[in-house]
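Please view the sequence and the model before reading on.

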Amino acid sequence: MAPIPFGSSTRGSLGLEWELFVVDAATGALAPRAPELLDALGATEDGPIVGEYLTTMIELVSGVHATVPDALAEMRALLGRVTDAAAPLGLAVLAAGTHPGARPDDATVSPGEQYATVAERNAWWGRRMLICGTHVHVGVPDVGLALPLTHFLAETAPVLLALTASSPFFTGEDTGFASQRTMLFQQLATNGLPPDQVRDWPAFEAYVADLQRAGMATKATEIRWDVRPAPKFGTVEHRVADCSPTLAELGAVAAWSQCLTEWFWRHHDADDAPPRRPAWFVRENKWRAARHGLDAQLIDAAGTPVPLRDEIDRWLAELTPIASDLGCSDALAVTTRLLTHGTSAERQRALATDGADPATITKALMAETSASLEEDL
């Protein structure tokens, strides 16, 4: 079993990844023209704007930042570059977990061996990955804490999943789920929650070795858990969130991730870890958040159903002082707006209730993403 080196990072540092759909600016229809847009941007493989699994997607990737406002400022600048380059091509971008009306045949897999392997291995499911997410890397200076933090963030993930749910529609149909993206993404072989038995770095190294022997993966980056270690960067990557439709909501995702991580450090330092939920509670809570969003009932460590909104309130009380220390109070406070005015999934459904068709909902999402460039963050 080969050791897996874990890179160096600063405690609580941040990196953001934001996946976006490329669409026709006039109609909102998916446009398989990401390569053309990337060329117009002069993008490179290791730059801040890159291609993704499908030719209808791009990803914005920030550098390493100490604070949420700094990371968000870079993402605003990147989004501005993309929209400026897209307009002359008749293109725009749309930020949501799924495109409300698109169908799998509207997209093609991007060139490259990695993407071809994903498509071939996952067959029917691989052809339905019309999904976008938000990923947050948090710095972990001690490899011994990478897996404990991974499991802590996975256990608390239903809160973030419900707040970011933005994929109620798929192929023009209301799926009944707040996050249909979650249900699609977990079908792939190495996706989903981190296995309960992989709780420390030696166990992770053994797990990767087992996957390699079984022919399921060639490297650790092919493990696509909802929360996973990122050995190259020395981070834990929080991947459970749907794509955030606006910069303000992207900031909220970053603030939750950074504050929860800092909460974990402080309680670990004080030898005051919270009780762990059984693995099946964690799985069920994820499903409930994906299905019901903010209206879900979660199972607490004692096995008692509790409203997810109460869980959010409890965590906000814990995290608000930490957010003040970290300089992300305004970003965390966006949570209150989502609780009051609705998540993206709720906003999309409200439009449908008022008679909007998928094309109209799509254009509303495009407008939200574009308008967020002018938001006061």
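The sections below treat the model, a serine, the aromatic rings, a helix pair and a threonine.

## Basis of the model

The model is predicted; local features require pLDDT of at least 70 and side-chain atom pairs pLDDT 80 or more, while totals for chains, interfaces and linings use all residues. Residues are numbered from 1 along each chain as its sequence is written, and side-chain values rest on heavy atoms, with hydrogens and water left out.

Ser9 belongs to the segment before strand S1 (14-24); strands are DSSP runs of E with at least two residues, helices are runs of H or I with at least four, and both are numbered from the N terminus. Ser9 counts as buried because its relative accessibility is 15% (buried means under 20% relative accessible area, exposed over 50%, and partly exposed in between, with a 1.4 Å probe and protein chains only).

Beyond its neighbours within four places in sequence, Ser9 is in contact (heavy atoms within 4.5 Å) with Gly139, Val140, Pro141, Phe233 and Gly234. A polar atom of the Ser9 side chain lies 2.8 Å from the backbone nitrogen of Val140, and the side chain of Ser9 also reaches the backbone oxygen of Gly234, at 2.5 Å.

## Aromatic rings

There are 12 aromatic pairs in the structure; rings of Phe, Tyr and Trp (its six-membered ring) pair if their centres lie within 6.5 Å, with planes under 30 degrees apart counted as stacked, over 60 as edge-to-face and the rest as tilted. One of them joins Trp280 and Phe281 edge-to-face, at 4.6 Å centre to centre and 85° between the planes. Trp280 is partly exposed, at 48%, whereas Phe281 is buried, at 10%. Ring pairs also link Phe6, Trp201, Phe204, Tyr207 and Trp225 into a cluster.

## Packing of H7 and H9

Helix H7 (residues 247-269) packs against helix H9 (residues 308-326) at an angle of about 90°, and their axes are 9 Å apart. Axes are lines fitted to C-alpha atoms, for helices over the stretch in contact, and angles run from 0 to 180 degrees between N-to-C directions. The two helices, H7 and H9, are therefore roughly perpendicular (65 to 115 degrees; under 35 is roughly parallel, over 145 roughly antiparallel and the rest oblique). Residues of H7 that meet H9 include Trp256, Leu260 and Trp263, and those of H9 include Trp315, Leu319 and Ile322.

## Thr171

Thr171 lies in the loop between strand S6 (169-170) and strand S7 (173-174). Although Thr171 is not a glycine, its phi is positive, at about 50°. Thr171 is buried, with 18% relative accessibility.

Conventions
A polar contact is a pair of N or O atoms within 3.5 Å; within protein, one must be able to donate a hydrogen and the other to accept it, and residues adjacent in sequence count only if both atoms are side-chain atoms.
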